[in-house]
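Here is a short briefing on one protein model. Look at the sequence and the structure first, then read the points below.

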Amino acid sequence: MPTSKHILVVDDEEGIREPIGVYLESQGFRVSLASNASDAMACINGEDCDLAVLDVMLGKDDGFTLCRDIRKVSEVPVIFLSGRSEDTERIIGLELGADDYVVKPFNPRELLARIRSVLRRATARDDSTGMKPASQPTFGGWTLDVANQELVSGEGVAQSLSTGEARLLQVFINHPNIVLTRDQLLKLSKGREANAFDRSIDNYVSRIRKKIEDDPSKPRILKTYWGGGYALTCETD
């Protein structure tokens with residue numbers, strides 16, 4: 001069974017945040033809720049989110065600033081919610097890297113349709129990056145189940161992966177024993193020009209190591225090399 005997509009909903013109004021969460025869970029999603037920017041970033045850094053729904057106005061916080069902070073560590077798709085319909089605000093959100101913009105009040109079915117559309121576009125983008133089509137490549141005693149977005153041990157124990165983790169692992173598997181810089185990894189995994197110092201790669205590598213290494217502090221499979229590069233140092237199939 002495919003892994004449920006994980007949606008982060010960030011809104012300071014409980015009367016909006018909670019119903020959205022309940023509705024999305026009823027549609028088969030895994031949902032995390034946050035009422036402020038601090039809790040939202042904690043979720044982004046500690047969880048495997050596939051999409052974030054952000055309110056533009058978060059009390060003392062600012063959804064636009066939160067989006068900028070998210071973009072420093074993650075490429076998770078973002079949909080903005082706002083009570084304003086001005087074109088200027090919508091344009092600012094899109095320029096910050098948001099994938100869509102929904103004006104309040106809205107029908108939950110519309111938000112659901114937007115979420116599914118953005119997730120489909122993200123999947124299509126992943127498919128356009130030239131990844132090897134093998135559905136279950138193996139490396140270092142592990143199997144990457146691409147279809148179900150899972151990492152399976154030699155004993156058959158499965159761990160779910162975020163979209164970013166699965167995409168990055170595919171890049172490493174397609175380029176075994178080759179040192180790749182952050183910039184190369186970003187371009188290969190996301191198909192876009194990117195800043196070489198984008199920390200999202202470091203974040204994903206750290207998460208992957210926790211899942212595949214016996215001792216993540218002394219990695220033997222996914223190693224770091226001087227100058228900011230990483231390499232998968234094992235044979236793949």
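**Ser153 and its surroundings**

Leaving aside neighbours within four places in sequence, Ser153 is in contact with Gly141 and Trp142, where contact means heavy atoms within 4.5 Å. The model is predicted: local features need pLDDT of at least 70, side-chain atom pairs count only at pLDDT 80 or more, and totals for chains, interfaces and linings use all residues. Residues are numbered from 1 along each chain as its sequence is written, and side-chain values use heavy atoms, with hydrogens and water left out.

**Two loop residues**

- Ser153 sits in the loop between strand 10 (150-152) and strand 11 (158-160); helices (H or I, at least four residues) and strands (E, at least two) are DSSP runs, numbered from the N terminus.
- With a relative accessible area of 13%, Ser153 is buried; buried means under 20% relative accessible area, exposed over 50%, and partly exposed in between (1.4 Å probe, protein chains only).
- Lys60 belongs to the loop between strand 4 (57-58) and strand 5 (61-62).
- Lys60 is exposed, and its relative accessible area is 80%.
- From C-alpha to C-alpha, Lys60 and Asn36 are 8.5 Å apart in space, and they are 24 residues apart in sequence.

**The protein as a whole**

- There are 8 helices and 14 strands in the protein.
- Of its 237 residues, 49% count as buried.
- Among contacts in the protein with a separation of 6 or more, 58% come from residues 24 or more positions apart.

**Helix 2 and helix 3**

- Two packed helices are described by the angle between their axes and the distance between the axes.
- Helix 2 (residues 37-46) packs against helix 3 (residues 63-73) at an angle of about 20 degrees, and their axes are 11 Å apart.
- The two helices, helix 2 and helix 3, are therefore roughly parallel to each other (angles under 35 degrees count as roughly parallel).
- On the helix 2 side, Ala37, Ala40, Met41, Ile44 and Asn45 meet Leu66, Asp69, Ile70 and Val73 of helix 3.
- By class, this contact of helix 2 with helix 3 has 7 nonpolar, 1 polar and 1 charged residues; Ala, Val, Leu, Ile, Met, Phe, Trp, Tyr, Cys and Pro count as nonpolar, Asp, Glu, Lys and Arg as charged, and the others, Gly among them, as polar.

**Helix 6**

- Helix 6 (residues 163-174) is largely enclosed by the rest of the structure, because 11 of its 12 residues are buried.
- The buried residues of helix 6 include Thr163, Leu168 and Phe172.

Definitions and conventions
Axes are lines fitted to C-alpha atoms, for helices over the stretch in contact, and angles run from 0 to 180 degrees between N-to-C directions. Angles under 35 degrees count as roughly parallel, over 145 as roughly antiparallel, 65 to 115 as roughly perpendicular and the rest as oblique.
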